[in-house]
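Student: Could we go through this model by question and answer, starting with its aromatic contacts?

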Amino acid sequence: MNRFLYNVGIHLLSPLLLGWMGWRAHRVGGDWGVMSGPRFGRYDDPARLRHPVWVHAVSLGEVRAAQPFIDALLAQGDQVLLTHMTVTGRAEGARMFAHALEDGRMQQAWLPYDFPGSVRRFLAHYQPCVGVLIEREVWPNIIAQARRMQIPLLLASARFSDNSLRQTIRLGSVMREAYQSLQVVYAQTLQDAQRLEQAGVVGVRVSGNFKFDVSLPREYIERGRAFAQALSRKMVTIASTREGEDELFIDAIQKQIRRAQSQGVSLEERVLFCLVPRHPQRFEDVAKKLESAGLSYMRRSEFVQTGETGAVNARIITQGRQLVLLGDSLGEMPRYYAASHVAIIAGSFLPFGGQNLIEACATGVPVLVGPHTENFSQAVFDAIQEGAALRVPTADAAIQQALTLLDEPQRLARMTQAGTQWVSKHTGAVARVLTGLNELKAERKKT
């Protein structure tokens with residue numbers, strides 16, 4: 001498929017594509033602006049920034065991954081245009097960079113749909129000096145228009161699976177041309193780089209993963225550890241569950257309750273499970289599942305009524321004998337990890353490809369992952385090799401292994417040390433990409 005056929009296709013399919021976006025927005029909630037002017041590159045107000053660095057972080061995960069890079073841009077005095085496609089990504093960006101948005105160093109916007117006119121108007125309106133696409137956001141028309149307007153584009157912290165390569169090859173010249181038009185591509189791993197070269201990228205550089213440069217919020221870490229100290233039992237966090245996984249873990253917890261009861265032991269006196277759904281639209285659904293299963297639980301959002309004192313919140317959990325803390329909040333994963341003795345990284349117990357385990361290792365919590373970790377295959381492999389993580393086959397096995405580890409403090413300590421050392425060895429991706437970006441900016445000024 002060439003770009004002409006691609007454009008014919010997206011115009012013919014646009015009613016279906018826009019309908020799907022509308023359905024997704026209705027399902028998730030929030031203001032997606034599906035049919036708003038900015039989604040089509042039309043703006044009522046002038047751009048507030050002058051030749052900003054444009055960073056595109058499509059959704060929640062990409063915004064979190066891009067945080068250390070954006071912090072570095074702001075620290076060196078750049079203005080930043082941050083774009084998204086989803087409301088969760090936009091909300092997280094607004095939370096993370098509230099100060100930069102307030103003082104005018106940053107602006108958020110929707111990335112327009114990939115229609116030729118929409119992307120042309122978008123780039124003409126904001127006039128970025130350079131664009132940075134995070135991880136794997138490659139859109140043929142916006143890349144072609146940026147090239148026409150001589151706006152250099154980078155693909156940074158790029159991950160590219162075998163499945164992505166197959167899809168790219170199937171789409172033919174339209175994607176090959178897009179990848180060839182990128183000025184610089186920084187891959188997370190050598191394997192990603194090799195697959196990107198097969199897709200058409202010339203001169204891929206291996207920079208590493210932005211997530212290793214994560215800056216953990218000290219306040220969240222301190223509050224999480226204060227909660228853990230005051231809690232009369234140990235906490236296991238089940239992080240970033242996806243659709244279908246909650247039921248697996250709820251069932252696994254119920255099995256452990258029955259097992260403990262058969263041994264004359266109360267599980268509520270030994271452990272607190274913290275269950276954190278990946279997407280906020282599922283908080284209510286997961287709460288209903290916990291109720292239906294008869295599991296005693298408390299919501300993280302209920303702590304707002306009692307203040308932020310770890311000791312007070314821990315006492316409430318202890319007095320109520322709740323077995324599960326439902327993590328119905330955004331942006332607090334470091335806090336959950338800091339309070340935990342073991343973290344189970346979900347998204348990997350059904351074929352979703354897994355979620356990021358680096359933040360948990362950086363916090364110093366031992367990690368368990370499931371069988372489906374294709375999205376982070378190299379990171380998971382390395383973490384297991386370093387002794388920071390263990391792979392288990394099922395949710396049942398994960399809960400059982402977590403409970404076993406709680407009784408092995410020396411093994412937990414070794415995994416904690418291995419995780420923090422592994423993360424520290426792989427930092428530097430932000431500095432490498434920032435150096436390349438600054439070189440591009442300097443070259444553009446010369447012309």
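**Aromatic pairs and beyond**

Tutor: The structure holds ten aromatic pairs, where rings of Phe, Tyr and Trp (its six-membered ring) pair if their centres lie within 6.5 Å, and planes under 30 degrees apart count as stacked, over 60 as edge-to-face and the rest as tilted. This is a predicted model, in which local features need pLDDT of at least 70 and side-chain atom pairs count only at pLDDT 80 or more, while totals for chains, interfaces and linings use all residues. Residues are numbered from 1 along each chain as its sequence is written, and side-chain values use heavy atoms, with hydrogens and water left out.

Student: Which class does the pair of Phe40 and Tyr113 fall into?

Tutor: A pair of aromatic rings is described by the distance of the centres and the angle of the planes. For Phe40 and Tyr113 the centres are 5.3 Å apart and the planes stand at 75°, so the pair is edge-to-face.

Student: How many residues apart in sequence are the parts that this pair ties together?

Tutor: Both Phe40 and Tyr113 are buried, that is, under 20% relative accessible area, with exposed meaning over 50% and partly exposed in between (1.4 Å probe, protein chains only). Helices (H or I, at least four residues) and strands (E, at least two) are DSSP runs, numbered from the N terminus. Phe40 lies in the loop between α1 and β1 (53-56) and Tyr113 in the loop between β3 (106-110) and α5 (116-126), so the parts tied together are apart in sequence by 73 residues.

Student: Which residue has its charged end over the ring of Phe376?

Tutor: A charge sits over a ring if NZ of Lys or CZ of Arg is within 6 Å of the ring centre and within 35 degrees of the ring normal. Arg39 lies over the face of Trp110, at 4.0 Å from the ring centre. Over the ring of Phe376, 5.2 Å from its centre, sits the charged end of Arg159.

Student: Is Ser157 buried or exposed?

Tutor: Most residues other than glycine have a negative phi, and most peptide bonds are trans. Ser157 has a positive phi, near 50°, and lies in strand β5 (residues 153-158). Its relative accessible area is 0%, so Ser157 is buried.

Student: Where is Gln127, which also has a positive phi?

Tutor: Phi of Gln127 is near 45°. At 42% relative accessibility, Gln127 counts as partly exposed. Its place is in the loop between α5 and β4 (130-134).

Student: Which helix gives the largest share of the nonpolar patch?

Tutor: The patch, of about 910 Å², includes Met1, Phe4, Leu5 and Leu171. Patch residues have over 30% relative accessible area and no salt bridge, with like charges joined within 9 Å and nonpolar side chains (Val, Leu, Ile, Met, Phe, Trp, Tyr) within 5 Å; a salt bridge is a side-chain nitrogen of Lys or Arg within 4 Å of a carboxyl oxygen of Asp or Glu. Leu171 is in helix α7 (residues 162-171), whereas the largest share, seven residues, comes from helix α1 (residues 3-28).

Key. Accessible areas come from the Shrake-Rupley method with a 1.4 Å probe; for residues, only the protein chains shown count as cover.
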